[in-house]
Number of protein chains: 2
Amino acid sequence: MITDKKEHIMNAAIELFAEKGFEGSSIRDLAARADVNVAMVNYYFGSKDKLFEAIVEYKASFLRGKMDEIEANTSMTEIEKIDLIIENYVAKILSNPSFHRILHQELLVGDRESMHENIVKVFVRNITTLRNIIELGIKKKIFKKVDPELTMATLIGTINQVMLSKAMCNMLMHRDGNFDPYTDLAFRERLTKHLKQVIHSHLLN
Amino acid sequence: MITDKKEHIMNAAIELFAEKGFEGSSIRDLAARADVNVAMVNYYFGSKDKLFEAIVEYKASFLRGKMDEIEANTSMTEIEKIDLIIENYVAKILSNPSFHRILHQELLVGDRESMHENIVKVFVRNITTLRNIIELGIKKKIFKKVDPELTMATLIGTINQVMLSKAMCNMLMHRDGNFDPYTDLAFRERLTKHLKQVIHSHLLN
DNA sequence: TAAAATTAAACAAACGTTTGATTAATTCAA
DNA sequence: TTGAATTAATCAAACGTTTGTTTAATTTTA
């Protein structure tokens, strides 16, 4: 069971880890930010590593979103499904930038092996759903014969690229450093529109 | 001037930081791996932070590759230039996975501000070259009216996605965990081919 | 009052960095 | 050309902090 206090600590940790990285954040930093005693983190989670695992487990389902629902829907065409997944995925990631960030930090550092594996599993499950749809589209000859795996890399990679660094994103978009693209609705629509364009011209004839 | 020994330490550091992250790597780890005394890192570089800065400066030009040369070439069409940049960029990144990795770790962690800025600058310079070509193509009506900034995000993001995690990459590609996609020539061609396909159908009519 | 939550204090280990001594190589005066 | 002086490189040891974690005492809750 997740108590209010545990949740409070996890949310503070997500923000802190996103800013300073897991190794770069100390438990004392975290305790100060969450306004709890240093001992509480170990009391509730056992260790700093286990706190990270708890965070991933706590938030992982969140990333999944409506994937299953969309895949199972029989009244939509493949391209409609992909459009909907794009909208969903962009919305999910843009509204959880910190969590998305720490997942990718962990992937990029890639030390703690079991943690790395867990995160890969979360992504792969999402990715597989998407791949099934693409392959079905190819089979039905609605889609061109593309490289399904790398098509997914393109879709997810574009979003990740934008999420990589606020500073870089703003420089790319000719915005000043204070602008927060992740909460800007117009930017979300711009990204969604671009992704649909890319994927459509790539998949459709 | 960069002596052999400095270079030796920097190369060892690139590998170590890529594996364990900057914060996750201790100077003692590094000294052991490079087979030098712990004091040598501070002797040669001043501090752990300055070692990182030295690495970025030392390797930054490497990323740039033949960008200028390609941009200045007047006997190529815009799409030919982009194809060449794709080939170049993929080759560069795949042959320096560790350096690419630590740059992105730093972008994702994003604490040390001046370092963050420096790295963003390196990328932005490369990106601007590409954007100029895309915008020229649009002006000449060779290219469709696309979103130039996000088109670059797609190009670079796809490569980054593949570089993010060897484990993830292999799971995506149905390879076992021991396979190293980054040194595999067939994989490089597959990635290059996919990128060209995506960009062509996105840019051309 | 018994269990759970919270605290300040303490723990050993690891951290980046500095030190002062020692060695090896180079320069310079006679 | 020799021997002293200077410089650079290397080392083991120690520096003061900070780290994650634990303890033991205290407060709060039910």
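**View 1. Chain A and chain B superpose by rotation.** A rotation of 180° with 0.0 Å of shift along its axis places chain A on chain B, at an RMSD of 0.0 Å. The two copies are thus related as by a two-fold rotation axis. In chain A, A:Gly157 has the C-alpha nearest the axis, 2.1 Å from it. Superposition is by least squares on the C-alpha atoms of residues with pLDDT of at least 70 in both copies. This is a predicted model: local features need pLDDT of at least 70, side-chain atom pairs count only at pLDDT 80 or more, and totals for chains, interfaces and linings use all residues. Residues are numbered from 1 along each chain as its sequence is written, while chains are lettered from A and ligands numbered from 1 in the order in which they are written.

**View 2. The contact between chain A and chain B.** Chain A brings 43 residues and chain B brings 43 residues. Contact means C-beta atoms, placed from the backbone, within 7 Å. H9(A) gives the most to the chain A side, with eleven residues. That side holds 19 nonpolar, 15 polar and nine charged residues. Nonpolar covers Ala, Val, Leu, Ile, Met, Phe, Trp, Tyr, Cys and Pro; charged covers Asp, Glu, Lys and Arg; the others, Gly among them, are polar. Helices are DSSP runs (H or I, at least four residues), numbered from the N terminus.

**View 3. The surface near DNA strand C.** H3(A) gives the most, with four residues. By class, this surface has eight nonpolar, four polar and four charged residues.

Technical notes: Two residues are in contact if their C-beta atoms, placed from the backbone, lie within 7 Å. Helices (H or I, at least four residues) and strands (E, at least two) are DSSP runs, numbered from the N terminus.
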